[in-house]
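Subject: Structure handover

Hello,

Here is the structure I promised to pass on. Please open it first, then read the notes below.

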Amino acid sequence: RELARESELSERTMIDWCNLLREICSEELLESRHKLGGYGSVIAVDETHLAKRKGPVPPLWLMCGVDTVTKEAFIQIVPPEEGRTARVLEKITTDNIADGSTIWTDKFPSYNGIENLGRNYTHETGNHSIEFVTSSGVCTQAVESLWCDIKRKFKRMNGVARHFIPGYLDEFMWRRQYPRTEQFPRILRAIRNSPSYNVNQE
């Protein structure tokens, strides 16, 4: 509403523009997607629920990994119909984390088989209900900080329909990659280069 008022455009028009920009963010993230880490890198991993169960609708969980040095990150929605099973979390792990990485998690049982995935992962765990940082240095603070930022964003929005959540998460991750001063020219270039909108065609 504030954008519509400042631009003197209708609220419906501004919603359409915002949705378009989120689609552009999603496209660019998909094109630049790569696995985090590799040999010598440490990736902290954790999950959190973003939406509570509502009647027959299951809770919505997110899984995230953060490189403890570069701070690069991934966020992926856990399929609600399957939940946080070992099979699901292991697939998300192998889809997003490069072979040879060291992976830090809590002691959630679904992570127990990480070292048996044939990816040369080193798996180290900590029980954060007992200690914040283990004696070997295992800590998921970087992930928890990211969770706080994401939940703060959704709280300011006073709720979001579930089918819009992937787009908002992509927008969040896109913005996280670039300083604010670079975001406007970057999104203009992304629109120009997007094959979905044919901006360069006469």
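Start with two helices. The axes of helix H2 (residues 11-31) and helix H6 (residues 180-193) come within 10 Å and cross at roughly 80°. That makes H2 roughly perpendicular to H6, a label for angles of 65 to 115 degrees. Axes are lines fitted to C-alpha atoms over the stretch in contact, with angles from 0 to 180 degrees between N-to-C directions. Helices are DSSP runs of H or I with at least four residues, strands are runs of E with at least two, and both are numbered from the N terminus.

This is a predicted model: local features need pLDDT of at least 70, side-chain atom pairs need 80 or more, and totals for chains, interfaces and linings use all residues. Residues are numbered from 1 along each chain as its sequence is written, and side-chain values use heavy atoms, without hydrogens or water.

Who meets whom? From H2 come Leu21, Ile24, Cys25 and Glu28; from H6 come Arg186, Ile187, Ala190 and Ile191. Contact means heavy atoms within 4.5 Å.

Now the backbone. Most residues other than glycine have a negative phi.

Lys71 is not a glycine, yet its phi is positive, about 70°. Lys71 sits in the loop between strand S2 (60-67) and strand S3 (73-78). Its relative accessible area is 42%, so Lys71 is partly exposed (20% to 50%; buried is under 20%, exposed over 50%, with a 1.4 Å probe and protein chains only).

Asn120, also not a glycine, has a positive phi of about 60°. Its loop runs between strand S4 (102-105) and strand S5 (122-125). Asn120 counts as exposed, at 53% relative accessibility.

Best wishes

Key. Parallel < 35°, antiparallel > 145°, perpendicular 65-115°, else oblique.
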